[in-house]
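Work through the exercises below with the sequence and the 3D view open. Each task is followed by a solution in steps.

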Amino acid sequence: MNSNFQITIWFVMAMVSFFPFNQIGAVGLEVGLFGYELFLKENMQGKRLEVSGWDFHYNRWRNSFQAEPYLYRTSGESLFVGLKDKQSKNQIVWDLHIQLTSGPDTGLRQYYLGKNSYFGYQLQNFLLGVGRREHLFSPKSFSTQFDAGDGLFLELKPKLGLTLQFFIWDFHSGSLLLSKDQFRSLLSREGILNEGETNNFPVEKPITKHSRNHRRRHSVGLVYGDSFSFRFGVHYLELGSLGPYTKDHPNETKRYLADGDSLLHGNGGFSLHTDILSFDFDFLWCRGNDRTRSKLAATPGSITIAGEALQSGVELRFAGWKIRSSHFISDREEKNEKQQIVKEGFISLGTHPSQTPYLSQIFEVFPSSAITELGYEKKFALLEGRSFGYLTELALSYTYNQFVFKLIGNYFLPYRHTGPTNGRIAFQKREFERFFIAEGMFEVSIREEVSFELGIGISQLFLPESIGIRSNFGYVFGRLQI
């Protein structure tokens, strides 16, 4: 056990002793572990796929692996210990969930917050809090998609079924969760993925996986209804120097805390829930401006941001079975005949929508450009791609007593990147690239309510044979809440 993890344990124990757990019926401590093994094999037969504007990293795989049976193989394990508690005393409330890991040697950050981790002052229909609070108005089509505010928030419930959320000051940094980050460094930290010049903008210096940029975000949203509910949310984000594509006017950024780069982002949708059926639909949009010196800009000095996306999901439940089908499609950047960008396409907020390890973490391919913990990112690449297109997920699960069986498939099809484009959402086959990125995952676990979980899973990556990469991934996990 390394010294950082020992400090972690002592820190959690000190926090536990601070709270009056003798007055609390809930549990306070959790410990967990997960292990993994990843195989990445080159299986090239015939001519390699070449797509203009896309980086498949053919020249970035480490040469030392070329003579090995596997191009890349790695295994490891990580531990975490956490504090989890939700309670109130008089008008003071707290909903805490913090997980401290075994440290950066495992590729993880030293700590992660849960979906909620805040202190607050609460009256009957009023909550003023500090910390992380989940956005209740976020899109619900993908079951693991998540966004939250980290800062000062106000929550009102003026009438039955109506909740208003105001995020007065949000130190936005990607809303990271351990469950969405635990396998994300498996390729990049070993040197397979090298940072360098992207397809669209030069990166001034390498960005490590542990870099985090905090920029202020202000959000407001509402949820109204029960079995049939509406939701609506708006975010304003001052980009400033947040990300590799906004570092164009450092003098103005230093003087004014921003250089004119800003983003207005919104979503509106509804949900229908019955005992056996759920349906979710959301329309997402963004508007903004990116000041840039790039020669790819059709208008010198700036690029307009104007994007839309659609999300939908349907879930059927019966006799222990659960089947969920989720879909996301974005628009794309508008380009003229000279391949210059007239306007940028949709930019997403929050975590990756899918729940399978390759697409959401190991290769981490977003279905649009995105605001992540590293900032505003857009990259047409097989690894850490942020490219526009269509993403679908089909999840099948069955629960028998304490056993849970899951079978999940993901499929991503990007838009064509070359030629002039009108920037709109498209459904015609000719508008998409001739390659895909897909994944299949199977998982078995045993659970005892919320206090115990132990499981094992395997996942297979599916790519066209002309890309020549085959990979499979296995993992085990366990968690005990004391």
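A salt bridge is a side-chain nitrogen of Lys or Arg within 4 Å of a carboxyl oxygen of Asp or Glu. The model is predicted: local features need pLDDT of at least 70, side-chain atom pairs count only at pLDDT 80 or more, and totals for chains, interfaces and linings use all residues. Residues are numbered from 1 along each chain as its sequence is written, and side-chain values use heavy atoms, with hydrogens and water left out.

**Exercise 1. Salt bridges**

Task: State how many salt bridges the structure holds, and list the residues that are linked in a network.

Solution. Step 1: Side chains of opposite charge can pair when their charged atoms come close. Step 2: The count for the structure is 27 salt bridges. Step 3: A network of salt bridges links Arg109, Asp181, Arg184, Glu364, Glu373, Glu377 and Arg386.

**Exercise 2. Pairs and their burial**

Solution. Helices (H or I, at least four residues) and strands (E, at least two) are DSSP runs, numbered from the N terminus.

Step 1: Buried means under 20% relative accessible area, exposed over 50%, and partly exposed in between (1.4 Å probe, protein chains only).

Step 2: Arginine 324 is buried at 9% relative accessibility, and aspartate 280 is buried at 2%.

Step 3: Glutamate 333 is buried, with a relative accessible area of 4%; lysine 335 is buried, with 7%.

**Exercise 3. A loop residue**

Task: Which residues does isoleucine 276 contact, leaving aside its neighbours within four places in sequence?

Solution. Step 1: Isoleucine 276 sits in the loop between β11 (262-273) and β12. Step 2: With contact taken as heavy atoms within 4.5 Å, isoleucine 276 touches Glu315, Leu316 and Arg317. Step 3: From C-alpha to C-alpha, isoleucine 276 and glutamate 315 are 8.1 Å apart in space, and in sequence they are 39 residues apart.

**Exercise 4. The whole chain**

Task: What are the secondary structure, the share of buried residues and the share of contacts between residues 24 or more positions apart in the protein chain?

Solution. Step 1: The protein chain has three helices and 24 strands. Step 2: Of its 482 residues, 53% are buried. Step 3: Among contacts in the protein chain with a separation of 6 or more, 65% are between residues 24 or more positions apart.
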